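Here is a short note to read beside the structure. Please keep the viewer open while going through the points.

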Amino acid sequence: EEEVSSSQATGCIWEDGPNRRADLGSNSPNTILLICHDDRFRLPAICRSEFRGTGIITPVFSLRSQTSMGGGEFDDLKALADFAASAGFKMLQLLPVNDTRIHNSWWDSYPYSSVSVFALHPMYIHLQTLCEGVHGAQDILREIEEKCTVLNQCRQMDYEAVVSAKESLLRQLYQLRGEKDLEGDDFQNFFLEAQEWLRPYALFMYLRNKFSEPNWKLWPEEFRSIDTVRCRALTDPGSEAYAEVRFNFFVQFHAVTQFVAVADYCSDAG
């Protein structure tokens, strides 16, 4: 009771009821895996009665605006949040926004086949934000505006063109601001929290490009099984992969930063 009272005081909620347990029984020696679920959260009665709300579900890429590049971006969620708040909605639910770049083709536009459950898709980054206050970014900003004009004229989102353009521009921005960003306190704090997934994700992206093959089973044998120690060695300074790994660090840092900022904006809007 002390735990529950304390957690509720800090805004956390514990489920009611006993822990979920799967009894395999003594007569099931051949059982390999049993998944047990009851399809619902057992929230306390006080929580079930306090909240009622409606909301909107959307694929972020559908929220194209004049300032986005051929498809919706995280920043475009702010306008949707403002509309939702004015209409009395309480929730925004998103289709998956994870990185799905497996084959670098139109096939990757399917949002439910992700490379990582943590890494976000770079196509949702608002590139103009990365140009703000950056010396020498004027030419890049002009190219961004030109790409926005061309890609926003497409009746449907040209996934391959959008992803290709954004990666090219992100690499240019990385050359201008990557070193400063990755030495800053904000990135260091992000990296300390994210490195458990960020290192293997960045290494996978490097090896996928190196061998032109997303299926790790087809890579050279020495790269088919990489433990945590070796993953760290391959993603630390001095490794052959580090330059490309560092670029992926940069991209995910800005994707997560923009996503968190939008989440905060939505929360403030109610």
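1. Two cavities of 30 Å³ or more turn up in a search of the whole structure. A cavity here is a set of points, on a 1 Å grid over the protein atoms alone, where a 1.4 Å probe fits but cannot get out, and lining residues have an atom within 4 Å of a point. A volume is the space filled by probe spheres set on the points, which are joined across faces, edges and corners.

2. This is a predicted model: local features need pLDDT of at least 70, side-chain atom pairs count only at pLDDT 80 or more, and totals for chains, interfaces and linings use all residues. Residues are numbered from 1 along each chain as its sequence is written, and side-chain values use heavy atoms, with hydrogens and water left out.

3. The largest cavity holds about 50 Å³ of space. Its lining has 13 residues, with T100, S109, P111, M123 and Y124 nearest the centre. By class, eight are nonpolar, four polar and one charged. Ala, Val, Leu, Ile, Met, Phe, Trp, Tyr, Cys and Pro count as nonpolar, Asp, Glu, Lys and Arg as charged, and the others, Gly among them, as polar.

4. The second largest cavity has a volume of about 50 Å³. Among its lining residues are R101, H121, K166 and F247. The lining divides into six nonpolar, one polar and three charged residues.

5. L43 lies in the loop between α1 (2–9) and α2 (45–50); helices are DSSP runs (H or I, at least four residues), numbered from the N terminus. L43 counts as partly exposed because its relative accessibility is 32%, between buried (under 20%) and exposed (over 50%), with a 1.4 Å probe and protein chains only.

How values were computed: Helix = DSSP H or I, 4+ residues; strand = E, 2+ residues; numbered from the N terminus. 1 Å grid on protein atoms, 1.4 Å probe; cavity = no way out; pocket = protein on both sides within 12 Å on 5 of 7 lines; lining within 4 Å.
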